[in-house]
Amino acid sequence: MFLHSVNLWNLAFYVFMVFMATLGLWDVFFGFEENKCSMSYMFEYPEYQKIELPKKLAKRYPAYELYLYGEGSYAEEHKILPLTGIPVLFLPGNAGSYKQVRSIGSIALRKAEDIDFKYHFDFFSVNFNEELVALYGGSLQKQTKFVHECIKTILKLYKGQEFAPKSVAIIGHSMGGLVARALLTLKNFKHDLINLLITQATPHVAPVMPLDRFITDFYTTVNNYWILNARHINLTTLSVAGGFRDYQVRSGLTFLPKLSHHTSALSVVSSAVPKTWVSTDHLSIVWCKQLQLTTVRAFFDLIDADTKQITQNYKKKLSVLTHHFIRHPSKHFEENPAIISDLTGTSMWVPVKVSKWTYVAYNESEKIYFTFPLENHRKIYTHVYCQSTMLDTNSWIFACINSTSMCQQGVDLSWKAELLPTIKTLTLRLQDYPSLSHLVVYVPSVHGSKFVVDCEFFKKETRSIQLPVTHLFSFGLSSRKVMLNANGLYYNIELLNFGQIYQAFKINVVSKCSAVKEEITSIYKLHIPWSYEDSLTVAQAPSSTEISLKLHIAQPENDSHVALLKMYTSSDCRYEVTIKTSFSQILGQVVA
């Protein structure tokens, strides 16, 4: 009887564990947002021109090939070598196709057409015969050596040209990104053959499935080399993860190791990339239109006007990647932007003395400068916040230094702004700018378009609200909530005690608005200060919006920052924020 009861308990325990594992797997494979990526299309029929390799090389690697991507007249013209553009090499990943280069190749071609081919990129792609290198690592070293030969072959295609390249940029998808990093471990490889490396959904930290010693040994060799030689590696590297939609390669595996002396590496999740703001699955990351547009814009901003190739200036490369992939001020990239701007001309100057101000611009006949004197506001408030729904790239907010009411020249604060899906915003702590006498908001003359500009002064303590997360084992039965009853435009919800991978919560934001005729948009931004993995939710108010709260990277032990829910709100609405534990997502985090 005793043995029978023990067996029943064992059976019940195993059934329970299987149920928990199933619930976790369901969350991993199905518990994510819908695919919000737009498909990228080719405007002309894509063509893949096979590049003839030296006979010895073709004989040594009979299964591998090198192709040049093209469309229409561009493809026809480039069948006659040598080439004249900027070389970019695409490396597919596990079971990947060389044809995956077509999305970014086509978008780059359209961009080149827009500027009358002043600059253009030549996109090459390697055919690895769709080898399953994530399951069997025996081919990884062979792929790495072949890529080395491909780079040398590509550079020979430009021989004799006035602006012949001396290096290539590499885009590596999945395991292709690891192969690109492995190039540096080859004995005869010259590091300056690569000027830029962008990896997409590449598991840099460890293999997803360490099924054989070839994979584990390969990873050990690559990562040890990069760690031990970090001081000597000047290769600018960007790793882009797909976020929670990519259940094949979890984003935590894609982050390059942070080394204090290796500042040329950036890691970011696609949901945090400006103008992208979506999570991608493992395959859509190579064709997601929003992400590929961002990548192409960055490529063109990386061009050196003198050499007509990608710049060798490491500082500029990092600045460009930060501008496009980390924080976008809604301005075109400039290497040395003008901080002081002329504010002269036939314009109206309108003083504004109130602490909260809104201006609706529609069919403005002349330019207007709205000036906010800061002296009195400093005595009462700690911060100023401004936002504009006009998402052009012109400067829109300035500051006067030691002025009485107007100034002929102002400090351009637009470079400190941040672009969001429906607004561009700027928040300043007044004590950081003691020499500024006036804030100036510029409204241009516009015809046929309508936009709204808001500014408000506030005390930090009135806009920062603490919300401790619920206990891990509350199983979603209890919750905590805060009410935003004030009529502000911007709030920070501090999510206390949140910083571990195994934590997962659901946040519900309910907005209730007074009777308004026009549609009201609110933005909720989950900001993780120790990692570039922010995510944004755009909601129409009034509404009830659910947000998943979980991490890709745990908070470092020596990091005291607090995760934030940044809320860009409407003064016509009231907001209720509720948080509770999501047990199914906790299981998903543990299983993943």
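Predicted model: local features only at pLDDT ≥ 70, side-chain atom pairs only at ≥ 80, totals over all residues.

Q: How far apart are the sulfur atoms of Cys400 and Cys407?

A: They sit 2.0 Å apart, and the two residues form a disulfide.

Q: Are Cys400 and Cys407 buried or exposed?

A: Both Cys400 and Cys407 are buried.

Q: How many disulfides does a search of the whole structure find?

A: Four. Counting bonded cysteines along the chain, the pattern is 1-2, 3-6, 4-5, 7-8.

Q: Which residue does Cys37 join through a disulfide?

A: Cys288, with an S to S distance of 2.2 Å. That pair links distant parts of the chain, 251 residues apart. Cys37 is in the loop between helix 1 (2-30) and strand 1 (46-50). Cys288 is in the loop between strand 8 (265-269) and helix 8 (289-301).

Q: What is the handedness of the link of Cys37 and Cys288?

A: Left-handed, with -90° about the S-S bond.

Q: Why does Cys288 count as buried?

A: Because its relative accessibility is 0%, and buried means under 20%. Cys37 is buried too, at 12% relative accessible area.

Q: What about Cys513 and Cys573?

A: They form a disulfide, sulfur atoms 2.0 Å apart. The torsion about their S-S bond is about 95°, so this disulfide is right-handed. The pair links distant parts of the chain: Cys513 lies in strand 25 (residues 504-513) and Cys573 in strand 30 (residues 573-581), 60 residues apart.

Q: Which accessibility class does Cys513 fall in?

A: Partly exposed, at 24% relative accessibility. Cys573 counts as buried, at 1%.

Q: And Cys150, buried or exposed?

A: Cys150 is buried, with a relative accessible area of 0%.

Q: OK, switching to helices. At what angle do helix 6 and helix 7 pack?

A: About 55°, with their axes 10 Å apart. Helix 6 covers residues 175-182 and helix 7 covers residues 213-228.

Q: Why are helix 6 and helix 7 called oblique?

A: The angle is about 55°. Angles under 35 degrees count as roughly parallel, and 65 to 115 as roughly perpendicular. The two helices are therefore oblique to each other. Their crossing is left-handed.

Q: Which residues meet there?

A: From helix 6, Met175, Leu178, Arg181 and Ala182. They meet Phe218, Tyr219, Val222, Asn223 and Trp226 in helix 7.

Q: What is the contact of helix 6 with helix 7 by class?

A: Seven nonpolar residues, one polar and one charged.

Definitions and conventions: Residues numbered from 1 in each chain as written. Heavy atoms only, no water. Axes fitted to C-alpha atoms, helices over the stretch in contact; angles between N-to-C directions. Helix = DSSP H or I, 4+ residues; strand = E, 2+ residues; numbered from the N terminus. Parallel < 35°, antiparallel > 145°, perpendicular 65-115°, else oblique. Left-handed = near helix turned anticlockwise from the far one by under 90°. Contact = heavy atoms within 4.5 Å. Nonpolar A, V, L, I, M, F, W, Y, C, P; charged D, E, K, R; others polar. Disulfide = S-S within 2.5 Å. Buried < 20%, exposed > 50% of the residue type's maximum accessible area, 1.4 Å probe, protein only.
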